[in-house]
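Trainee: Before we discuss this model, could you show me the sequence and the structure together, and then take me through the fold, the helix packing and the relation of the chains?

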There are 2 protein chains.
Amino acid sequence: MYSINEVAAICDVTAHTLRFYDKEGLLPFVGRNEAGNRVFTERDLGLVKFICCLKNTGMPIKEIRKYIELAIEGEHTADTRRDMITGHRKEVLRQIDELKKSLTILDLKVAFYDSYKVGFQGEH
Amino acid sequence: MYSINEVAAICDVTAHTLRFYDKEGLLPFVGRNEAGNRVFTERDLGLVKFICCLKNTGMPIKEIRKYIELAIEGEHTADTRRDMITGHRKEVLRQIDELKKSLTILDLKVAFYDSYKVGFQGEH
DNA sequence: AAATTACTTAGAGTGGTCTCTAACGGTGTC
DNA sequence: GACACCGTTAGAGACCACTCTAAGTAATTT
């Protein structure tokens, strides 16, 4: 069992952010103790980690909520969820590809600065 | 010579965005024609493309402005600019690395959904 | 001459993701 | 009992990067 601050530390977010996610419907699975405080099980922690993975790869909160809602709904939504993840996987591949292209441009720029240093004159 | 809309089309942004960038100090090098309209040279286009490259890889507008200001300042800022780009290059490498890690997690999830389909029962 | 098109400006509004504040409640230790 | 500490809520505010509006100018087409 984990407190909100423990989960926050593990997932590298603030407790504020987790409460914000809860308010946005991303954490409907989280239970409470007698005092009304959020209590995260090991399984909850795993889901939060996955939510952070989706967030870190640019999935909007709305779509993450949709995914969570489907997960809560039950087994019969598994196909839809699989499709969401494979679709998002493609998007992540696209992001990686774009970043790699940009990296090439940055490398060229650095190469220019280096060539400039040794006397080559060109445009910047 | 290019109009704002031509540059917008080439760089896959809107003219609105280019004017916004201008207002933010990202395009101080762009000239005007007799009518007061922005006119982009081939060299300007190259710089806008590079600005978009920086933006697409997550460099904040403030930092891009700093880079542009240095470039305008002259040759003696070349070292600083080189450092900015190599620093940003590292950041892009970090982004790619993180995306690849996230991709692995997504792959595992897809694999789970597939194993689930053929009868394996586990956590979701 | 009127309409259309392309551009201009200042400035307001939007959307997303936090981020923080204020006021409060319950638990543990001295 | 007092205080620290961890948690709660509603809601305001911040920040970024646009995105759009309103009102206007200038050139071109019909």
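Mentor: Helices here are DSSP runs of H or I with at least four residues, and strands are runs of E with at least two, both numbered from the N terminus. Please keep in mind throughout that this is a predicted model.

Trainee: How many helices and strands does chain A have, and in what order do the elements run?

Mentor: By that definition, chain A has 5 helices and 2 strands. Read from the N terminus on, the order of the elements in chain A is α-α-β-β-α-α-α.

Trainee: Is chain A a compact globule or more spread out, and what is its radius of gyration?

Mentor: Along the principal axes, the C-alpha atoms of chain A occupy a box of roughly 75 × 35 × 20 Å. For 124 residues the globule rule gives 14 Å, and the radius of gyration of chain A is well over that, so chain A is more spread out than a compact globule, with a value of 21 Å.

Trainee: Which residues make the contact of α1(A) with α3(A), and how do they divide by class?

Mentor: Helix α1 (residues 4–11) and helix α3 (residues 42–56) of chain A pack with their axes 10 Å apart at an angle of about 45 degrees, and they are therefore oblique to each other. Their crossing is right-handed, and the contact joins V7(A), I10(A) and C11(A) of α1(A) to L45(A), V48(A), K49(A) and C52(A) of α3(A).

Trainee: In chain B, at what angle do the axes of α1(B) and α3(B) cross, and which residues of α3(B) does α1(B) meet?

Mentor: The axes of helix α1 (residues 4–11) of chain B and helix α3 (residues 42–56) of chain B come within 10 Å and cross at roughly 45 degrees, and α1(B) and α3(B) are therefore oblique to each other. The crossing in which α1(B) passes α3(B) is right-handed. From α1(B), the residues V7(B), I10(B) and C11(B) take part, and in α3(B) they meet L45(B), V48(B), K49(B) and C52(B).

Trainee: Which residues of α4(B) meet α3(B)?

Mentor: Helix α4 (residues 61–73) of chain B packs with α3(B) at an angle of about 145 degrees, with the axes 10 Å apart, and the crossing of α3(B) and α4(B) is right-handed. On the α3(B) side the contact uses L47(B), F50(B), I51(B), L54(B) and K55(B), and these meet, in α4(B), the residues I64(B), Y67(B) and I68(B).

Technical notes: Residues are numbered from 1 along each chain as its sequence is written. Chains are lettered from A and ligands numbered from 1 in the order in which they are written. This is a predicted model: local features need pLDDT of at least 70, side-chain atom pairs count only at pLDDT 80 or more; totals for chains, interfaces and linings use all residues. Side-chain values use heavy atoms; hydrogens and water are left out. Axes are lines fitted to C-alpha atoms, for helices over the stretch in contact, and angles run from 0 to 180 degrees between N-to-C directions. Angles under 35 degrees count as roughly parallel, over 145 as roughly antiparallel, 65 to 115 as roughly perpendicular and the rest as oblique. A crossing is left-handed if the near helix is turned anticlockwise from the far one by less than a right angle, and right-handed if clockwise. Contact means heavy atoms within 4.5 Å. The radius of gyration is taken over C-alpha atoms; the globule rule is 2.2 Å times the number of residues to the power 0.38.
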